[in-house]
Structure formats: C-alpha cells, structure tokens
Amino acid sequence: EDLDVEELAEGEMEDAEKTAPARYDGAQLWRIHTSNVSNQDVIKLFESQYDGCVWKTKDDFVDVFLEPHRQEEARRALRDFDVPYEVSINDVQNLIDAQHRSREKKPRRDKRQAQASHQLTWDSYHDLGDIYGYMRTLSQKYPTICKLVNIGKSVEGRGILAMKVAGPKSQRVIWVDGGIHAREWISVASVMYVMDQFIRYWAKQPAHIRSATWYFLPVMNPDGYQYSRTTDRLWRKNRRNFGSCHGVDLNRNFDFKWTGVGASNNPCDMTYRGPKGLSEPESRSVAQFMEKLPRKPVAYITLHSYGQYVLYPWGFASAIPSDHRLLKQTGLDAAESAKLIDGALYTVAPAFQPFGAAAGGSDDWAKGHLKVKYVYTIELRDKGRYGFLLPTNLIRVTCREALTMIGVISKASLNVQ
Ligand code: ARG
Ligand code: ZN
C-alpha cells in the first residue's frame with residue numbers, strides 16, 4: 001500500500017501555473033528603529049501611504065518591505081520625522097534569484113524514474129515533489145522504524161504527508177511540524193533534516209529520542225509552499241480562494257481563543273483567521289489527527305522563521321500558563337544548545353511578547369485544547385539580515401540548531417507521565 005507521492009504533491013493547481021511569477025525588482029526590506037516613535041504609527045503610515053508590508057515588528061524596530069516606487073517618499077518621511085532606519089535587503093529579487101539559481105531545472109521524471117530513490121540536499125531548498133519523494137524513499141528504506149501517513153488533503157487537493165518514526169522502545173509522542181507559513185522555507189528544510197537524521201541514525205540516537213514516537217510534518221501548507229516556489233516567493237497563507245483575495249493564515253485558524261486579537265477577519269490581510277476556527281483542511285487535518293492519536297503528545301514543536309526565538313505559550317494574550325517556569329527553563333536550555341553550534345543567539349520568551357498577542361496559533365491550541373505539556377514555536381534564522389530569504393549556505397547550520405533544540409525538548413519531556 002505505497003502512497004503515490006507524485007500524485008499527492010501535484011494538486012489541481014488553480015491559476016498558479018498560468019500566472020507569471022511575481023517579481024520584486026528593486027524592492028527593499030527596511031529596518032526602522034522605533035525607540036522614539038510608536039510601532040503602530042510607523043506601521044499605519046507605511047501600510048496606508050507607501051503600500052508597505054510588515055515582515056516583523058518588535059519593541060524597538062519594524063521590518064518593512066517596500067516596492068521601489070514608494071521608497072523615495074518613505075525615505076523623506078522618515079527623514080522629516082527623524083526616524084533612523086537602514087536597508088537590510090537592497091534588492092529582494094536578487095536574493096530570490098540567488099535561491100532559485102541553486103536549484104537546477106530537472107527534466108520531468110517519468111513514472112518509472114519516479115519510483116527510483118530520491119536524495120535531498122541541505123544546500124538548497126526543494127520542491128514539494130522532491131520532499132514527498134524523499135519521504136517515500138526513507139519509508140521504503142527503513143520500513144521497521146518509519147511509516148508515511150497521509151493525514152489529509154489541502155484546499156487544492158495535495159496530500160498532507162507526515163512521517164511516523166518509532167522503534168520498539170517508543171512510547172511517549174512528540175510532534176514536530178514546519179511549513180505552516182509558505183515562505184518560511186527554512187522551517188521545512190529543518191523538519192526534513194531532523195527527520196532524516198533520526199531515521200538514518202536511529203540506533204545512534206540517545207535513549208530519550210528512541211523512547212519517543214515521533215511525528216514529523218514538514219509541510220503543513222503544501223499549496224502555499226508550492227505557490228511560494230512557483231509564483232510568489234513572499235506568500236504566507238494557504239490558497240483558499242475568496243474571489244478577490246486568497247488565503248487563510250493557518251496559524252490564526254486553530255480553534256482556541258479563535259476570535260482573539262492579532263488576527264484579521266479580512267481575507268485580503270496577511271493574518272486572515274478564516275471564516276471559523278479550523279475552517280481550513282490543512283489545520284483541521286492536523287488537529288483531528290493529533291486528537292485521534294492513541295496517546296496525547298508530550299511535546300508539540302512548530303518551526304517558523306524568522307527572528308531566532310524559542311517561544312512558549314501563550315500567544316493569544318499577554319498571559320503565561322502555570323507551568324511557565326518549566327517551559328522557560330527548557331527553552332533556555334534549548335537556546336543554550338543552539339548557541340554551541342555556531343554562536344547564534346536565540347531569545348526565549350512567551351509567544352505574545354516579541355511580536356504582540358495573536359490568537360489562533362497552533363501552539364496555543366496544542367497547549368490550551370490538547371493540554372500538551374511542552375509546547376514551543378521556534379522562530380529559526382535569521383535576525384533580519386535576510387528575513388524569509390535565508391541564503392542557502394545557512395540552511396545546514398540552521399537545521400543543526402533545530403536538531404539540537406528539539407533534542408533538548410525531547411529530553412526534558414521524559415518527565416511527563
Ligand atoms: N510569527 C508567528 C506567527 O505570527 C508567531 C506565533 C506565535 N504564537 C502565537 N500563538 N501567536 O504566526
Ligand atoms: Zn511563521
């Protein structure tokens with residue numbers, strides 16, 4: 001009963017194949033320092049006057065994406081208000097091109113070749129077809145410890161593929177996902193990397209890893225991921241069609257405090273929460289699958305980018321759960337282990353703190369609804385130099401940071417039950 005992964009990666013691609021890819025020639029990313037002004041004022045000004053698109057907001061800065069024809073006016077305004085800023089990305093299209101250059105166009109595989117084994121590398125980003133193909137290869141090569149599970153179907157009909165990894169001693173359940181947000185490619189690569197390491201070197205893993213049953217879901221949002229590869233590199237949401245606009249932010253669609261702050265009810269917004277909680281097949285499949293697991297997970301780890309944060313609940317409001325000390329300490333241990341890899345600093349905080357409260361996240365759902373003990377949203381590299389466009393030469397080191405942090409959380413989770 002082998003899954004036809006070629007088919008599962010395909011989907012009825014609506015208009016994506018017909019539309020010419022979005023181009024961002026001359027577009028820039030600015031970091032605006034806001035110690036003397038309010039973030040909200042800056043965001044309002046840039047969104048309303050200069051078509052700015054906020055990539056990240058923190059207490060003392062805002063990262064804003066700007067099209068070329070708006071930069072001059074915006075520059076003047078910042079000068080008039082005496083607000084300092086610097087250009088983080090000088091030409092967004094250049095960076096996008098650099099990422100695509102590292103993936104050579106392959107001839108389309110025919111059906112027979114498609115059955116041959118796939119190999120994945122950690123020095124470029126990969127298509128959904130290659131990711132699913134490699135997952136099948138692993139599941140065929142290591143049938144005793146891993147199993148491919150199709151947990152559902154996306155809006156455009158793609159499979160949502162997870163990998164169960166477990167040995168004879170495996171008991172408690174740990175869930176790891178990535179690719180909720182389409183453009184956060186490094187989160188997909190990192191889930192694949194950790195899964196690959198565990199499967200190929202299972203016997204060498206420490207006991208706390210071998211005593212867990214792992215579920216890896218590298219691409220929760222397969223339509224969005226493919227769309228970000230073929231058509232718009234900066235796409236975030238899923239690909240639900242609302243007529244004039246597309247997409248629900250899956251990380252605002254989970255059904256815990258769903259009507260709360262930090263989520264939009266406008267389908268044209270980046271953080272549209274959807275018409276109701278778990279309205280989307282992608283989030284619903286994950287929620288239903290996790291609820292039906294024979295054992296409740298002891299840890300839920302969801303990878304995003306960017307900013308280098310280890311975040312624990314809550315995200316929906318300025319509040320912390322009663323076990324926040326434990327969550328914080330384990331987060332600090334995880335960040336400490338990441339630092340040992342290459343010196344990168346990860347900040348540990350409750351999820352509402354760095355970017356402001358936002359309801360409907362998968363993390364809050366795991367903690368609040370499923371009552372999972374160890375819940376983390378990890379924002380991977382970088383801190384804003386490249387943002388979502390993390391260069392391919394930083395994939396591997398970031399993956400290694402994810403691996404060690406997940407290991408630390410796994411070890412800590414031994415104390416549950
Ligand atoms: N950058 C992530 C997002 O916007 C952070 C999520 C943190 N968790 C939360 N429930 N707000 O989706
Ligand atoms: Zn994200």
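Helix α7 has 16 residues and reaches 23 Å from its first C-alpha to its last, close to the 22 Å expected at 1.5 Å a residue (the expected span being 1.5 Å times one less than the number of residues; helices are DSSP runs of H or I with at least four residues and strands runs of E with at least two, numbered from the N terminus). The model is predicted: local features need pLDDT of at least 70, side-chain atom pairs count only at pLDDT 80 or more, and totals for chains, interfaces and linings use all residues. Residues are numbered from 1 along each chain, chains are lettered from A and ligands numbered from 1 as written, and side-chain values use heavy atoms, without hydrogens and water.

Of the 16 residues of α7, 15 are buried (under 20% relative accessible area, with a 1.4 Å probe and protein chains only).

Turning to the metal, the zinc ion (ligand 2) is held at 2.1 to 2.3 Å by H181 (ND1), E184 (OE), E184 (OE) and H304 (ND1); donors are N, O and S atoms within 2.8 Å of the metal, or 3.2 Å for Na, K and Ca, and water is not among the atoms, so sites may look incomplete. H181 sits in the loop between β7 (172–177) and α7 (185–200), and H304 in strand β9 (residues 299–305), so the pair ties together parts that are 123 residues apart in sequence. H181 is buried at 4% relative accessible area, and H304 is buried at 3%.

One of its oxygen atoms lies 2.8 Å from a side-chain N or O atom of N251, and a nitrogen atom of ligand 1 is 3.1 Å from a polar backbone atom of A358.

Note on methods:
Buried < 20%, exposed > 50% of the residue type's maximum accessible area, 1.4 Å probe, protein only. Polar contact = N/O pair within 3.5 Å; in protein donor to acceptor, adjacent residues only side chain to side chain.
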